[in-house]
Amino acid sequence: MCRTKLIEAKGLYKEKEVIVKNVYLRNLRNNLRKAILLAGDSQFLEATQEDRAIMFWPNGDPRPMSVQEKAQSEYLQSVKDKLYFGFNNSICICPVCGAMDKDMSFDYSGKKWFCIDCHKKRKAFHHNYK
Ligand SMILES: [Zn+2]
């Protein structure tokens, strides 16, 4: 049904794979990933619209900002950064191909989740250029 495989190298766990074989569990996993993405997307869009309203006039020209507005804009940017990097570092999406419906593998050296296909390509690339 579901398998977590730890791949050990030189006494340290270097990789972890999470493979879900059961079709129903795969669908559940994929739908949960989509729900998380949609929740993050709406927060990102809200922060972007609020930041844009502070930085630009409705016609698109940049507008002067007060110190308080600059601080608010920086705060909104940090919210957007956290959402963006948090999602890209999560198990929900492969940062290379953008797949949300694949089994994932954690790369301890890069401290990120990749789909198993991209992780294999990444390992081959690094192996060839060592
Ligand atoms: Zn991928």
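Helix α1 passes helix α2 in a left-handed crossing. This is a predicted model, and the tour starts at that pair.

Select residues 23–55 for α1 and residues 67–88 for α2. Two packed helices are described by the angle between their axes and the distance between the axes. Here the axes come within 9 Å and cross at roughly 155 degrees. Angles over 145 degrees count as roughly antiparallel, so α1 is roughly antiparallel to α2.

Next, show the side chains where the two helices meet.

- On α1, select L37, G40, Q43, F44, A47, T48, E50, D51, I54 and M55.
- On α2, select E69, Q72, S73, L76, Q77, V79, K80, L83 and F87.

Colour this selection by class: the contact of α1 with α2 has 9 nonpolar, 6 polar and 4 charged residues.

Now clear the selection and switch to a cartoon of the whole chain. What does the secondary structure come to? There are 3 helices and 4 strands. Followed from the N terminus, the order of the elements is β-β-α-α-β-β-α.

Zoom out to see the overall dimensions. The C-alpha atoms fill a box of roughly 55 × 40 × 25 Å along the principal axes. The radius of gyration of the chain is 20 Å, whereas a compact globule of 130 residues would have one near 14 Å.

Last, colour the chain by burial. Of its 130 residues, 10% are buried. For contacts in the chain with a separation of 6 or more, 38% join residues 24 or more positions apart.

Terms used. Residues numbered from 1 in each chain as written. Predicted model: local features only at pLDDT ≥ 70, side-chain atom pairs only at ≥ 80, totals over all residues. Rg over C-alpha atoms; globule rule 2.2 N^0.38 Å. Buried ≥ 20, exposed ≤ 12 C-beta atoms within 10 Å, placed from the backbone. Contact = placed C-beta atoms within 7 Å. Axes fitted to C-alpha atoms, helices over the stretch in contact; angles between N-to-C directions. Parallel < 35°, antiparallel > 145°, perpendicular 65-115°, else oblique. Left-handed = near helix turned anticlockwise from the far one by under 90°. Nonpolar A, V, L, I, M, F, W, Y, C, P; charged D, E, K, R; others polar.
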